[in-house]
Amino acid sequence: QVQLVESGGGSVQAGGSLRLSCVASGINYRRGCMGWFRQAPGKEREGVAALGSGGSIIYADSVQGRFTISQDNSKNILYLQMNSLKPEDTAMYYCAAEVGLYCPAGRSLLFYRNFRYWGQGTQVTVSS
């Protein structure tokens, strides 16, 4: 059974930083793909950053240069370092995973419907 547990959300002022963590279990971490998504009230869930099954990394244009996705393979943890946060980054942030055989490629990694496994989310609030 795949389980994803996020942590690290909180409230910060604009320009601040947060680091989100996602602990994954029940999935072959090295053969799958994982990503961070977010959803603000009244808006569709959107991709923020993702790691492809071959190690590729992709970011949404809105976070490029500010957010960094990384993973600790030894501990099955996915991270999202968020710097220079803006009020428009306020949302519930979710970790998602998919097994290697079903992993999308390229910018499809940022489409939430391509992932079957999800965490419960962690709230990020950025005030101006």
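**View 1. Val23 in its strand.** Val23 is partly exposed, with a relative accessible area of 42%; buried denotes under 20% relative accessible area, exposed over 50%, and partly exposed the range in between, for a 1.4 Å probe and protein chains only. This residue belongs to strand β3 (residues 18–25). Helices (H or I, at least four residues) and strands (E, at least two) are DSSP runs, numbered from the N terminus. The model is predicted: local features need pLDDT of at least 70, side-chain atom pairs count only at pLDDT 80 or more, and totals for chains, interfaces and linings use all residues. Residues are numbered from 1 along each chain as its sequence is written, and side-chain values use heavy atoms, with hydrogens and water left out.

**View 2. Surroundings of Val23.** Apart from neighbours within four places in sequence, Val23 is in contact (heavy atoms within 4.5 Å) with Gln3, Leu4, Val5, Asn76 and Ile77. Between Val23 and Gly121, which are 98 residues apart in sequence, the C-alpha to C-alpha distance is 12 Å.

**View 3. Strand β4 and its pairing with β9.** Of the 7 residues of strand β4 (residues 33–39), 6 are buried, so the strand is largely enclosed by the rest of the structure. With strand β9 (residues 91–98), β4 pairs in the antiparallel sense over 7 bridges; two strands pair if DSSP finds at least two bridges between them. Tyr94 in β9 is the bridge partner of Phe37.

**View 4. The hairpin of β4 and β5.** Strand β5 (residues 46–51) pairs with β4 in the antiparallel sense over 5 bridges, and Leu51 in β5 is the bridge partner of Met34. The hairpin has 6 residues between the strands, and Gly42 takes a positive phi near 80 degrees.
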